[in-house]
Amino acid sequence: MIVVMQPETSEERIKEISENLKKRGFSVHLSQGERRTLIGVIGQPQEGLSHSLEAMQGVEKVVPISRPYKLVSREFRPKNSVIELDEGVLIGGDRLVIMAGPCAVEGEEQMLETAQAIKSVGAQILRGGAFKPRTSPYSFQGMKSEGLKILSKIREKTGLLIVTEVMDPYSVEEVACYSDILQVGARNMQNFYLLQEVGKIKKPVLLKRGMSATVEEWLMAAEYIMSEGNYEVILCERGIRTFENYTRNTLDLSAAALAKQFSHLPVIVDPSHGTGRRDIIPAMSKAAVATGVDGLLVEVHPRPEEAFSDGPQSLTPEQFQHLMSELKGVAASVGRNI
Ligand code: PEP
Ligand code: MN
């Protein structure tokens, strides 16, 4: 439930109520609005609790949260959450955040070439997997720690921020050292130990939707992270498995729109894994931006035909540049800029 405090209630009073709730066995999460503080109360419902809270001095009302996700829900935080990163990059602000780069880190030259190309047309964040979750154990598994070092070198050289995947709970610390955002991939969306570990760190987490996860399961996965104390979660729709085989996945923009509606967290869309086809990525990127999401994650490779993975869905730098210019008008039509 949410305890809505009266405007201008003293911090002391809020603390007293929070302590009272903790003594009763609840976990307490504060959300500071413009005038009011909301106290999120998580735990097993207790009979009569709402009434006794409502009788307390300073409490305006008590609102039950009907959905199973609590901290993630719009009821907990009615306003959009904005995540602040280095270099003045905001995720969830007026400016769309564009993350771009190859599927995998393949070497320093490839990353530098890509980074310079995407930066010159306005992308703020460089992506690239150092640890790659591959369907086949015989496919390229990523450059691992060496790949992380390359990413951080490129960050230093270009000022681009870094998002990269973490695949297991034991690598969280290492990946966090070299990146600005940790990506939890679709295959790990319900790896609850991993979600708890990334919940304990102080770095934003990009949570991809599992390939057969419902919107509720996706939001519950975000709840796992937030319940550990990390409120900086970015939701990423990346397509789901359907019967359709002209595309790799079916990009579910309705899920992105619902996530924006049900949650205060920033939402981005990955049209690359969402379709698997370079030819429709521009169309789906524009559609995603029109939906009202906060950004895109797009695979770009300097020579897609040579890519170690996901070449068919990677844009060339020229195609990416064209897309970025096309997105300007769409962004403006929904009150955003790029
Ligand atoms: C990726 O972004 O490199 C990736 C593997 O994506 P997903 O987890 O969405 O398949
Ligand atoms: Mn990929």
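This is a predicted model: local features need pLDDT of at least 70, side-chain atom pairs count only at pLDDT 80 or more; totals for chains, interfaces and linings use all residues.
Let me begin with an open sheet of 4 strands, whose order is E2-E3-E1-E4 and whose pairing is antiparallel; two strands count as paired if DSSP finds at least two bridges between them, and helices (H or I, at least four residues) and strands (E, at least two) are DSSP runs numbered from the N terminus. Strand E2 (27-32) and strand E4 (59-63) stand at the edges with a single partner strand each, so one side of each has no neighbour in the sheet. From one strand to the next the twist averages 20°, where axes are lines fitted to C-alpha atoms, for helices over the stretch in contact, and angles run from 0 to 180 degrees between N-to-C directions.

Residues are numbered from 1 along each chain as its sequence is written, chains are lettered from A and ligands numbered from 1 in the order in which they are written, and side-chain values use heavy atoms, with hydrogens and water left out.

Staying with the sheet, strand E1 (residues 2-5) pairs with E4 in the antiparallel sense over 4 bridges, and Val4 stands opposite Lys61 in E4. Helix H1 (residues 11-23) lies across E1, E2, strand E3 (37-42) and E4, and runs at about 5° to E3.

Now to the metal. The manganese ion (ligand 2) is coordinated by Cys103 (SG), His273 (NE2), Glu299 (OE) and Asp310 (OD), at 2.0 to 2.4 Å; donors here are N, O and S atoms within 2.8 Å of the metal (3.2 Å for Na, K and Ca), and because water is not among the atoms, sites may look incomplete. Distant parts of the chain are linked by Cys103, in the loop between strand E7 (97-101) and helix H3 (108-120), and Glu299, in strand E14 (residues 295-299), which are 196 residues apart. Both Cys103 and Glu299 are buried, that is, under 20% relative accessible area, with exposed meaning over 50% and partly exposed in between (1.4 Å probe, protein chains only).

Turning to helix H6 (residues 192-199), its buried residues are Leu194, Leu195, Val198 and Gly199. Seen down the axis of H6, these fall within an arc of 140°, so they line one face of the helix; the arc is that of the directions from the helix axis to the C-beta atoms.

Finally, the chain as a whole has 11 helices and 14 strands, and of its 338 residues 54% count as buried.

Conventions:
Contact means heavy atoms within 4.5 Å.
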